[in-house]
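Subject: Structure handover

Hello,

I am passing on the structure we spoke about. Please look it over before reading the notes under it.

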Amino acid sequence: MVGIFWLRGARIWAGGWWPALLAALLLLLSAGPGRAAAVDSARRATFFRLIAAGDSVYARRAGYASIRGSLLYFDRAYALAERTQDTLLLAEAVFAKGRVYDAWNKNPSQTIRHFAQAVALFGRVPGAWRRYYYARYLLVHAHDKVPDTAGTVRAARALYRTLRAAPDSVRRGVPTTVELAWSCTEVGAYALADSVLAHLVRRPDVANDPATYDYLTHYYLVRARLELLARRRPASAYLDSLTAAAGPATNRFDRLYYQQQLAALHAAAGQYGAAYGYQQQANRLRDSLEDRGEIGILRQALLRAEQRSERAIHRQQATERAARARAFWGLALGLLALGTLAAYLARQYRRARAQSAALAGANATLDEKVAQVELLNKEIQHRVKNNLHMIFSLLQMQERQTESEEVIEHLQTARLRVESIAALHNQLLRTPDGLDLGPYLRGLISGVVTCLANDKQVVTHLQTDVLHLPERAYLPLSLILNEWVTNSIKYAQPASGPLEISVYVQRQATQVCVQYHDNGAPDAGAPAPGLGTQIIGLLTRQLGATPISIPGQPYHYELCIPHDQNAAHPGSAR
């Protein structure tokens, strides 16, 4: 209503002292930008000094102590980036922390999260295309270290197609094309590795770079793998080149990796004596790395770094809220002064427009009520999110404090259920137009595997049609999948090789069918159906779904969910 009065007053009043009042208010609100720019410039300089110092420590690669030392600098740089909210600084800070997690190689989900965030941030910075492509490659590499074969191939193929379509000047400016082929061979995608070498790599341009990667050594490794493992040739000249190039490796991490690769390749070539010798060297070097106790120290350092980052984010959010509050009240006071003046002018206006003014006031009141309802809804959702995270943190805290394996197992199961609910809540808030089922399920399954797999090798396969379910169907389905994957990791015992978990979601004429199976046989020591089975039965009835049992296959399930969630449920689970 104040805005309507102001517009009417402006039509009948030109000149006077009110423009001076408005200018003074605007000047008050915009005071101090020059000082803020100087502070930001100093913070940027300090930030890049910290990144350079961390890079110099990281480049030593003298063991976990070097990684921990670089983290001290990167963590301080991250806190500065959070204060400035500069996109480039945030991208570099997140990228640096991702490299620390990548070198640690104990928490692949955090590695993937940091590099995915770095890709998104570098993509928004003009002229940062080299860092953008480098971050995209490291995201591929993070997937192959899980190992997530499907995720690695998907990310590698997307990067290959992007670079294939890019100008030659861009391809020459991206030295990690050899590393892209190397990551493809890490997960057995030999055909894709062949395509990368054929279309993106020029052999004369390949040389080792002490500051980044042993590109030439990795080139020999890729070629040797393609000849010995993919084409099954009895010998390879590239294996000899690799043996000579890997010898001068200066840091223990690289020496351990090359010794393991040489052992595998010599075995594939039938040179079992050499393979045994390299494997023995690798075992001794790995024991020397782990016996120093540096892994646990680095784990604690990373945990403290994440906690400091969270506290910095909370402080930044509190500062932003205070700034918004000050700006709001400054604007409110200015609008109050203008509104008072406009009201005085409006009362002098023609009384014949009184009915129109009343109608405009009613509309403004209605808009205010709608805004209040929207604000209340946002506050409720925020409180729900905070409560879910608080429950998750309490369960995690209790899990760390207990020594009973049975209690830890129950707490992990409860924490995963809460985490599934919290993740779904966040996804639904970020995608009000409908949640894409595929990416959500991929993140859910990856989180369960990361939490429970420990030293067990797990490979996941997920294939979904492009579809959206009603909002109330996502939570039961995610909890059911949580229970299935948990049971497979705990009790399924593959005859050989890694445990493979496959999930297929297909749209049919009147229903959506979810098929789940793994390659394991049931564990003879598996307990009888308990709480998890009861939860699955209750959630199935809540979905109105029809479960299909497969005789003789204890970890093979099929669940069919009707399209119309408002239709009558087909009955209780069989």
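The notes below cover salt bridges and one surface patch.

Please keep in mind that this is a predicted model.

Salt bridges
A search of the whole structure gives nine salt bridges. One of them joins Arg44 and Asp86, whose closest N and O atoms are 2.6 Å apart. This pair connects distant parts of the chain, 42 residues apart: Arg44 sits in helix H3 (residues 33-58), and Asp86 in the loop between helix H4 (64-84) and helix H5 (87-104). Arg44 is partly exposed, at 31% relative accessibility, and Asp86 is partly exposed as well, at 22%.

Another salt bridge is formed by the side chains of Asp194 and Arg231, at 2.8 Å from N to O. Asp194 belongs to helix H11 (residues 190-200) and Arg231 to the loop between helix H12 (215-230) and helix H13 (237-246), so the bridge ties together parts 37 residues apart in sequence. Asp194 has 26% relative accessibility and counts as partly exposed; Arg231 is also partly exposed, at 37%.

Arg202 and Asp205 form a salt bridge too, with 2.6 Å between the closest N and O atoms. Both residues belong to a salt-bridge network that also includes Asp168, Arg171 and Arg172. Arg202 is partly exposed, with a relative accessible area of 40%, and Asp205 is partly exposed at 47%.

Surface patch
Met390, Leu394 and Met397 make up a nonpolar patch on the surface, with about 310 Å² of accessible area together. Met397 is part of helix H17 (residues 354-401) and counts as partly exposed, at 45% relative accessibility.

Regards

Definitions and conventions:
Residues are numbered from 1 along each chain as its sequence is written. This is a predicted model: local features need pLDDT of at least 70, side-chain atom pairs count only at pLDDT 80 or more; totals for chains, interfaces and linings use all residues. Side-chain values use heavy atoms; hydrogens and water are left out. Patches are made of residues with over 30% relative accessible area and no salt bridge: like charges are joined within 9 Å, nonpolar side chains (Val, Leu, Ile, Met, Phe, Trp, Tyr) within 5 Å. Accessible areas come from the Shrake-Rupley method with a 1.4 Å probe; for residues, only the protein chains shown count as cover. A salt bridge is a side-chain nitrogen of Lys or Arg within 4 Å of a carboxyl oxygen of Asp or Glu. Helices (H or I, at least four residues) and strands (E, at least two) are DSSP runs, numbered from the N terminus. Buried means under 20% relative accessible area, exposed over 50%, partly exposed in between (1.4 Å probe, protein chains only).
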